[in-house]
Amino acid sequence: MDLILVNLIDGLVTGLLLFMLSAGLTLIFSMMGVLNFAHASFYMLGAYFAYQISIALGFWMGLLIAPLIVGVLGAGVERYGLRRVHKYGHVPELIFTFGLALLIEELVQFIWGKNQMPYNVPDILNFTAFAISGAAIPAYKIFMIFVSVAIFIGLLFVLTKTRVGMIIQAALSYPRTVEALGHNVPLIFMGVFGVGTALAGVAGVIAGPVLGTFPGMAFVLGSIVFVTIVIGGLGSLWGALVASLLIGWITTFAKSYNIEMENILNGLGISTPENLDESIFRDLWSLTSPQIADILPYILMVLILIFRPAGLFGKRST
Amino acid sequence: MKKTTKLGAVSALSLVIGASAAFAENIKIGFIDPLSGPFASTGANGLHQLEFAADYMVNQNGGVLDGDMFEVIGFDNKTSPKESLIQLQVAIDQGIRYIVQGNGSAVALALTEAIDKHNRRNPDSRVLFLNYAAVDPALTNEKCNFWHFRFDANADMKMDAMTDVIAEDDSIKKVYVIGQDYSFGKAVADAAVSMLDEKRSDIEVVGNELHPIGKVKDFTPYSRKIVASGADAVITGNWGADMLGLGKSIIENGFDGPIYTYYGAGSGMTAAFGETGKGVIRLVSEGIVNPPPTEEASAYYDAFSAKYPEGNVDQTRISNTVGMLAEAIKKAGTADDVVAVAKALEGMEYQTIWGSKVMMRPEDHQAIQNINILNHTDEDVTYTFDSSTFGVVNEATVEMASADIATTCEMKRP
């Protein structure tokens, strides 16, 4: 039973990490209608920049500087790339971000090579914070939780309590009206894009040492981020948070407990075929939850799209 | 008898002269492996080692036959069997007769079947399949064919050596087996369970698990189970990002026993494991670079390091593949007739630059060689990996391992 607590913590870490990526993406999507395929690539850039900086100046400077660089890059991409493509409609925008994702992956391989980077947890955090019945919780995990929670609270504060946040929220639903009131909406778009990519950068900086820093890291995480914002509801920060945590916990628990399909089917009243090896459903019967853990979020997304197309916290159907 | 020899010699001579006058062509070798995606580093390092071996062992020594040079061409298959078949067709259309592949038994199984089919239908453009790392036993058993040669030990042979070492270690009472969910991962798991039971029935397999290949972002839940199971040792066939992710996660979450791996070194992994992996990561491998086995091997490694300062010679079998292919082409006297080259490869005994011998078993085209258990450490390492201070040092050797391992291969020869 202690394992449940450990799994809750592990799932929380995975979920919060996912949140940092999806928070930026969901804001960008709802504001500009751009499905930014390159979002996970900015996450990768964050990790690589932080690795490079950490060699010279140490991990903490990396944590500070790398997201800034990524954010500036992101703002630049919006200002000089997306904004020009914008007038041609959504499809060119999609293709633009898709191309950008491929370009960034190639660039990263060109500069750093295809190998795993030895980007490691800083020594000061490289110890076991505490152990729950033999399962060690590394201090770095606690650190990750703190950083992501701090970012969430910060974001929530800016979006709901400050003037800038109110203008952003207004621009989310009525960009024309906000513009007519004299606000510089393109600047807001650029700012949101920059902050969104910077958040992805932060995620990269703190995830790089644990999940590995390699050219495929954007690809591995890319699709799940989209699933998260669809489940959470486009444009909803709370939705992104809930969906991220949900996915984090679902996958963690599915991997931790060997739930066998045979038991589920038997529980539903279907009896196991006599000769399993000859049954055409053999693969279905022998499935275990760890095998399909990483597919479960996609199943959840399909269900959400069927029964609640706007997502868990979405206000509009897109 | 004498007459035919003479005739043969004369015709061979005229052939040679004709060849040198007209062609001195490149012998093209197609390398089909992932050069992008999650396993790009593994594939790219393999390509570098193949290019270097071709250059250093063949081209710098004047090539084979009459100055024919080896030319290596890389094809990116993104680790997908489907993509590999497309790339295979592209390669064949470019006139390539030698296909080298290693990463992923699913890919190798698709390729060997496609090549068998192609060779039956197109006797004029037959190709050989030189497999340097795909270790699913099926490739030299029920799925074997005349065109496929495996230069690596297969999963069962490696497991045999690995379990020999585990069986001698009395401190190991519980073993956890985990791997990628595809043919190779399953083969490793099956072999581990049956061989451990055979050699040390008192060892309990406390976990036997498969995870999706190349899709797991965070291995923490798996490592939790491993630690909670109280295992003394872990066996995994993981490779690429899956190997590093799993290994790092297991160690981070408090496991300190040995992790026996098939592919837990090189490609950036050794540097990334660094201090945390010291004394934990074990590697089963055919090649030894530490301590340096021969002067020839040291010269080879030094030359490689000069060309690729960031690279490692972590797959010595690639140089064996090139060396044996060159020998076979010399013996067959032709590079165009792949049947003759294949026949020359069959049963070949080859003295490697790594100081050991490789024998290509004729009945299933499985290479028989020494298998070693190497240890990840930073002590007494002459040739480190990944420009780090860490490398793998030999710990135990099984001579000509599993030379008499049974095979179900029924090979149809042309």
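View 1. Helices (H or I, at least four residues) and strands (E, at least two) are DSSP runs, numbered from the N terminus. Contact between two residues requires that their C-beta atoms, placed from the backbone, lie within 7 Å. Because the model is predicted, local features need pLDDT of at least 70 and side-chain atom pairs count only at pLDDT 80 or more, whereas totals for chains, interfaces and linings use all residues. Residues are numbered from 1 along each chain as its sequence is written, and chains are lettered from A and ligands numbered from 1 in the order in which they are written.

**View 2. An open sheet of 7 strands in chain B.** The strand order is E7-E6-E8-E9-E10-E14-E15 (chain B), with mixed pairing; two strands pair if DSSP finds at least two bridges between them. E7 and strand E15 (391-398) of chain B form the edges, each pairing on one side only. On average, neighbouring strands of this sheet are turned by 25 degrees against each other, direction ignored. Strand E14 (residues 371-377) of chain B and E15(B) run antiparallel and are joined by 7 bridges. B:His376 stands opposite B:Val392 in E15(B).

**View 3. Helix H7 of chain B against the sheet strands.** H7(B) lies across strand E6 (174-180), E7 and E8 of chain B. Relative to E7(B), the helix runs at about 175 degrees.

View 4. Chain B is divided into domain 1 (21-153 + 295-368) and domain 2 (156-290 + 371-398), with bounds from an automatic or database domain assignment. The C-alpha centres of domain 1 and domain 2 of chain B lie 27 Å apart.

**View 5. The interface of chain B with chain A.** Here 36 residues of chain B are in contact with 32 residues of chain A. H2, strand E7 (204-211), helix H7 (220-228), helix H8 (241-252) and helix H9 (269-273) of chain B each supply at least two residues of the side of chain B that touches chain A. H7(B) gives the most to this side, with 7 residues. By class, the side of chain B that touches chain A has 15 nonpolar, 11 polar and 10 charged residues.

**View 6. The secondary structure elements of the two chains.** Chain B has 12 helices and 15 strands, while chain A has 14 helices and 2 strands. The C-alpha atoms of chain B fill a box of roughly 75 × 45 × 40 Å, taken along the principal axes. For chain A, the corresponding box is roughly 70 × 45 × 40 Å.

Note on methods: Nonpolar A, V, L, I, M, F, W, Y, C, P; charged D, E, K, R; others polar. Axes fitted to C-alpha atoms, helices over the stretch in contact; angles between N-to-C directions.
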